[in-house]
Amino acid sequence: MAPMIELCSWIRTATRGPALALVLALASGTTAPRGVAADVPTPEAHLGFRPGADYRLAAWGDVVGYFKKVAAASDRVALNVLGKSTEGRELIAAAVSAPGTVRDLPRYQRLQGQLSDPRKLADDAEARTAVDESKPVVVITCSIHSTETASTLMAMELLHELATGDDPRTREILDRVILVLVPSANPDGVDKVASWYERTKGHPWEGSGLTELYHKYAGHDTNRDWFMVNLEETRLLSRMLYRQWFPTVLYDVHQMGSAGARLFVPPFYDPINPNLDPRVHQGIFAIGAHMAADLAAEGKKGVLTNAMYDNWWNGGNRTVPQRHNIVGVLTEAASVKLATPIFLGSGDLRGATRGFPDHRPAVNFVDPWPGGWWRLRDIVDYELICARSVLTLAARYRDQFQKNLLAMARDAIKAGETSPPYGWVVPPDQRDPGAAARMVRALRDTGIEVTRADEPFRAAGAEYPAGSWVLPAGQPYRAHLKDMMERQSYPTRLTAGGKAEPPYDVAGWTLPLQMGVRVVEVGSPIQGLEGETIDDVDAPRGSVEGPENPTELLLPNVANDDFTVLHKLLEAGVDVDLLRGDAPNGAENPFVFKPGGPTARVLDAVLPTVSSRVVAKAGDPTRGDRVKLVGRRVGVYQPWVPSMDEGWTRLVLERFRLPYRTVHNDEIRAGGLKERYDALLIPSIGPKTLEEGYSPGETEPAFTGGLGAEGAVALRAFVKAGGRLVCLDDACDYAIDSFDLPVRDVLKGLPTSEFYAPGSVLRALRENTEGSFLASGVADEVSVYFDRSKAFEVSGKSGNVVRSVLRYAATNPLESGWLLGPDRIAGKSALMEVSMGRGSVVLFGFRPQHRGQTYGTFRLLFNTLYLP
Ligand SMILES: [Zn+2]
């Protein structure tokens, strides 16, 4: 059975409009009749300024208010509140089309669902009807990057034009296309940036110097979350894309730096990902060419194509839809300073990377912009042309777009049913069952069909138990599934000078490797599978296994969730010991505690929410050395120069309900840290930013400066007094240099012609760590996420004890992505602990919590922060 199409509730004039219109009329003190175009207010009348006016940004409430007014007044517009953002703001989408279509949106959703999954079609005749009667659904998403301010304002103007226009081109769009317009994919950021901008006006740092991430956890990485779906915004929008609308085209509107082209439009740059259907690429070509032609016709200069942005990467709001047979495109406009105009002389203009060596005419840059003033309104104008262009193209090539949508889904299903891989099995016996469930949920959240086996079954010569999850390759979104499950092999690409040409983002992402989940690829058709296609993925519930009246309980300390249980026990005052050495059931360093007292209450409350297995034991207490655990006081450093790695660290700790406090420069510089903390974490931030922070004049004086000399002294004192300082990736340099640690990063300073590994998964091996708990519960082999990261060796002599916890594999460390110069890294240390006084510094040469994705190495982070 194919999953159901989920029909969303749209606020329309035809149904809920009158009540809303009345409310709005009362609120605004007007009594104008609804439903005719003349009643639709202009954005200018609503905001008090024209979208794109210099020095003016809109607050999110005003944007939503405008969309609601237009939906109430126009029978061409229906509004859907998708849900609440991370910080509780309404995330909205407006459907815009001809009134007859807007009155009947569920029908068009159904047709779109059929074209996206031909198994919902009875026969060829029904398929032809679906092609003929459907209308291409074009989703436009704005300002996922909140400092890229123009597109939300553009969306207000686009909405108004389509709700009121009576010209042939508007009618053509309305008659033949459905636009789903998302005025911001990160509503929280719209307010954060607008209010910060107001504060900066008139200061040297006007339009810059933000001191917090513009998304609570992700900042700019909001657009790196589309396959993992860690954030509320990506979850709600993915639901809209893959369960409600099944769009034909998605246009994600962005801005870039100021000094290059005025606007990038597709096609993209090499390399391309082999999993994308060629018709997706050709659709991208058509849209990009049409946009560029429309821009030229309107006299807009400085349009760049075929450069900078490649089509390899998976994870963004154009690239994940591309693996769902959606023609995903973006544009990137040159930025102003939020809303403050900028002036660029011809000498200020320059090229950038890949395919754009300089700011001179070229086949992909036919009409350079000469320089001059560049204003927010210019960006709005360019983006409006692009938005109308993609809608017009979709209207005119309606048939081809809709036929392709159907054909791509059909071919994907056929390929998965007739050629290997036939699917993937996720067996229930996993080191970390919670991580396995989380992986399957990420796939399900992005529209992947999942079957849960009711009975044992055979696949490729092996038997799998009931409860296994099966991900069949024969499904419409095969390209996405395959791209998540297989290992990426990024092509070696060098510049003319022999240096590595960086990919747009990362090179590899294989989900089972990142998450430490055992998955079996099936090379022949799966037989005898009984089970149902599941809608939501339930993680296995925690349990207590063993005799009825135990004398002792053991938490194996292997799953990430075990830390959640541990902290709930410690918070309730339960005495928990860490067993030095292995327990009889094979668990390493388990947590041991007594039943009775508050224990039962804690377990009853926490076990239904985690996948931990508690082992009950009768008889004598387990033998072995014990260390009594206490709740460790953990601080996470937050710089005023926003750090996404810091944000993701918070997300991961909060997801596992682990206690921490945020620490800023002042507190560190003031010293006395050991009195308040047992462990301090510095996220991956470069030494210069750590030391110096914002320079004077770059932001408000209260937020300038970094850790400074006092901070280094205070951190050294903290470690010497017995604290543990945990440094992630880029922050390792800071500790090595500041404390003269006898450790060297062997990759430091190497040219990229000799060593390069951007965002890849590498194989690491556990060292003999007797006497330390840093590797507790970690498998002998572990996949680590390496993004232009580090490899250590001991250098020089000192009184410090240096212990390597993980080592990059001596042969073939690359598991997924791109590794140029493997010999440089093979066998070097990936994770070290260096003693200093009574404490130690832990150096992570990789990203243990990268973008909240690397479940396979979260435990290493938890061990360093929460174990003695
Ligand atoms: Zn962007």
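Tutor: Happy to! Let's start with C386: its sulfur lies 12 Å from the closest cysteine sulfur, the one in C142, and that is too far for a bond. A disulfide here needs two cysteine sulfur atoms within 2.5 Å, and this predicted model holds zero disulfides. C142 counts as buried because its relative accessibility is 0%. C386 is buried too, with a relative accessible area of 0%.

The largest cavity has a volume of about 100 Å³, and its lining is made up of L57, A58, S143, S146, E148, T149, T152, L153, V190, V193 and A194. Two elements, helix 7 (150-164) and helix 9 (187-200), each give two or more residues to that lining. Helix 9 contributes the most, with three residues. By class, the lining of this largest cavity has six nonpolar residues, four polar ones and one charged.

The second largest cavity holds about 50 Å³ of space. Around this second cavity you will find R224, F227, W313, N314, V506, W509, Q514, Y785, H850, R851 and Q853. That lining divides into five nonpolar, four polar and two charged residues.

Methods: Residues are numbered from 1 along each chain as its sequence is written. This is a predicted model: local features need pLDDT of at least 70, side-chain atom pairs count only at pLDDT 80 or more; totals for chains, interfaces and linings use all residues. Side-chain values use heavy atoms; hydrogens and water are left out. Buried means under 20% relative accessible area, exposed over 50%, partly exposed in between (1.4 Å probe, protein chains only). On a 1 Å grid over the protein atoms alone, a cavity is a set of points where a 1.4 Å probe fits but cannot get out, and a pocket is an open set with protein on both sides within 12 Å along at least five of seven lines; lining residues have an atom within 4 Å of a point. Grid points are joined across faces, edges and corners, and a volume is the space filled by probe spheres set on the points. Helices (H or I, at least four residues) and strands (E, at least two) are DSSP runs, numbered from the N terminus. Ala, Val, Leu, Ile, Met, Phe, Trp, Tyr, Cys and Pro count as nonpolar, Asp, Glu, Lys and Arg as charged, and the others, Gly among them, as polar.
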